[in-house]
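Hi everyone, thanks for coming. Let me put the model up on the screen, and then I'll walk you through a few parts of it.

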Amino acid sequence: MSEHSTYQPGTGVEKWLDERLPVVRFAKEHLMDFPTPKNLNYFWTFGAILAIMLVVQIVTGIILAMHYTPNIAMAFNSVEHIRRDVNGGRIIQATHAVGASMFFAALYIHMGRNLYFGSYKAPREILYIIGVLIFILVMATAFMGYVLPWGQMSFWAATVITNIFAAIPVVGNPILELLRGGFAVDNPTLNRFFSLHYLLPFVVAALVALHIWALHVPGNNNPTGVDVKSSRDTVPFHPYYTMKDLFAIVVFAIPFAWFVFFIPDILGHPDNYVMANSQVTPAHIVPEWYFLPFYAILRAIDFNILFIDSRLGGVIFFAGSIVILLFVPWLDRSPVRSGTFRPLFKWFYWLFIINFLALAYLGAAPAEGIYVVLAKITTFYYFFYFLVVLPFLPMFEKPRPLPTSISESVLGKALP
Amino acid sequence: MATGAVGAVGAAAVAWPLINQLNPDASTLALASIEFNLTGIEEGQAVTIMWRGLPVFVRHRTPAEIEEARAVPLADLKDPETDEQRTQEGHEQWLIMIANCTHLGCVPVGQSGDFDGWFCPCHGSHYDTAGRIRKGPAPKNLVLPPYNFVSDTLVQIG
Ligand code: HEM
Ligand code: FES
């Protein structure tokens, strides 16, 4: 989008550089002059928040790796050593652990924004799909990171999650042994998880670069979902959105810091301060909060479906609940992007959000009594939203009239 | 075409060792067989021992528990197996099973659950006194490792 650039190399050095490697021009075009809709709300700051969070995780993670020992005899103690002995280790370790939760909080808000404002619709399908791939990789990274302290929850999370693969017919067990490097989760498992936990964030970083590239081809969506029509609809990214994003990052940092400084362990489980014991499973094993909705779906299928046994069924629904996100751009048949102009969609959308929170609640509840029934109902609605509401609602819904341009919607009247 | 095919075979030949290194290594495989002495385990008692990195239950069943397992009609079972198929003749009091729930691998809690066998706290699977799945998401009975009795008090697993 070089046509937006106003870059004029000033000095001789800049000109010399510009003819060889135009990094300054690139930064000016994409980080400063980039035309951005002028009506973006605070939901649009979460992309920047996520980018910062990725940096926070990478920086704290590299520091932790300098003091951590990936061996089943020493891993647990080495994390305690970081928390007690390493200078500032208490804060750095807490930042990394709480940071993972904050990362997911931002991811879910970012993704909820896309579902409401139809940001996944043409021409942003690839952008959205890269986002889902990032989400999957971040989940894998968080899971493997959680195993590293080698507490009871680490060990049993690793056991239960790797066992999911054993449900695959025929090749399940060989895959399981291949993943674990043994017949049970053990030292080889810990070692490879450490290796991959270190690697994946950099793969994520590369995907984020593609994500932003794909964003800068069509440009941002906006709360009205109406395309940018003229330069009157946009403002340059800098200083308007650099400042707004910065402000949002600071606000986001407040609860983050509060958790880190005052209640770093509240999001974790006491059982994870007991070293892994392969002979005893804790009475209540619950995944980290950010996996709960998907965990509830995994557990909800406790009955056989035709020839598919309950375990495989759970795994199919669990995988399906994530894979289905990749198809959302084609499942949603409505030509109107923003939910603001879709009177019926709104209801189904907010029900989806409530339903998702309910799934999270149920994922932590014991699998008995009324919870089992509710888990089935909420799992049903999760899929109903994607497979029925998105494709078929547009047939019955009459969207409200769209503003002719972003400027008109901002000013509340047509332009003179 | 031919170049491509040779290239693909070559790539696969290089990729395989890179993947195969993930498989259980020689030292893990070397633990494949153990011997365990059963004297010490009283009737009604159960212990958990390790074999190939996996926990294994060894339960010394009471006559009442054996009776309870035998009284169950096969039609009531999700994964039908008789008590005789799950123990060895002449050693029916010994139930030896891999201790990982066949659902997702947690270690169930012994002497509990609706069927006096085991209860898996992870997602609520109940096993009976023969380690058979009776209720909950687990699809199969607790797995029996290969084992044989060297003598009445010594068992070889693996
Ligand atoms: C590490 C994770 C991620 C980072 C760092 C990131 C970063 C960003 C940034 C900087 C933007 C532009 C600003 C904004 O619109 O908020 C953006 C936009 C977008 N992201 Fe992400 N993202 C991440 C994950 C995801 C995920 C998981 C999804 C979808 C499932 C996703 C989907 C989108 C879409 C559709 C847009 C365009 C939205 C628009 O401009 O309206 N992103 N992302
Ligand atoms: S692991 Fe035992 S019920 Fe799920």
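Okay, let's start with charges: the count comes to 18 salt bridges over all chains, where a salt bridge is a side-chain nitrogen of Lys or Arg within 4 Å of a carboxyl oxygen of Asp or Glu. Before I go on, some housekeeping: this is a predicted model, local features need pLDDT of at least 70, side-chain atom pairs count only at pLDDT 80 or more, and totals for chains, interfaces and linings use all residues. Residues are numbered from 1 along each chain as its sequence is written, chains are lettered from A and ligands numbered from 1 in the order in which they are written, and side-chain values use heavy atoms, with hydrogens and water left out.

Back to the salt bridges. One of them joins the side chains of Asp227(A) and Arg337(A), at 3.0 Å from N to O. This pair links distant parts of the chain, 110 residues apart: Asp227(A) sits in the loop between α9 and β2 (234-236) of chain A, and Arg337(A) in the loop between α13 (328-331) and α14 (343-364). Helices and strands here are DSSP runs, numbered from the N terminus (H or I, at least four residues, for helices; E, at least two, for strands). Asp227(A) counts as partly exposed because its relative accessibility is 40%, while Arg337(A), at 11%, is buried. The cut-offs: buried is under 20% relative accessible area, exposed is over 50%, and partly exposed is in between, with a 1.4 Å probe and protein chains only.

Over in chain B, Arg61(B) and Asp83(B) meet in a salt bridge of 2.9 Å, N to O. Arg61(B) is in the loop between β3 and α3 (63-70) and Asp83(B) in helix α4 (residues 83-86), so the pair ties together parts 22 residues apart in sequence. Both Arg61(B) and Asp83(B) are buried. Then there's Arg132(B) with Asp128(B), whose closest N and O atoms are 3.1 Å apart. Arg132(B) counts as buried because its relative accessibility is 1%, and Asp128(B) counts as buried at 3%. Chain A also has a network of salt bridges linking Lys121(A), Asp332(A), Arg342(A) and Glu397(A).

Now the metal. Which residues coordinate the iron atom of ligand 1? They are His110(A) and His211(A), each through NE2, at 2.1 to 2.2 Å. The two come from distant parts of the chain, 101 residues apart: His110(A) from helix α5 (residues 89-117) and His211(A) from helix α9 (residues 187-216). His110(A) and His211(A) are both buried. Donors are N, O and S atoms within 2.8 Å of the metal (3.2 Å for Na, K and Ca), and water is not among the atoms, so sites may look incomplete.

Last stop, the interface. 28 residues of chain B are in contact with 29 residues of chain A, contact being heavy atoms within 4.5 Å. And how many salt bridges cross between chain B and chain A? The rule finds 0.
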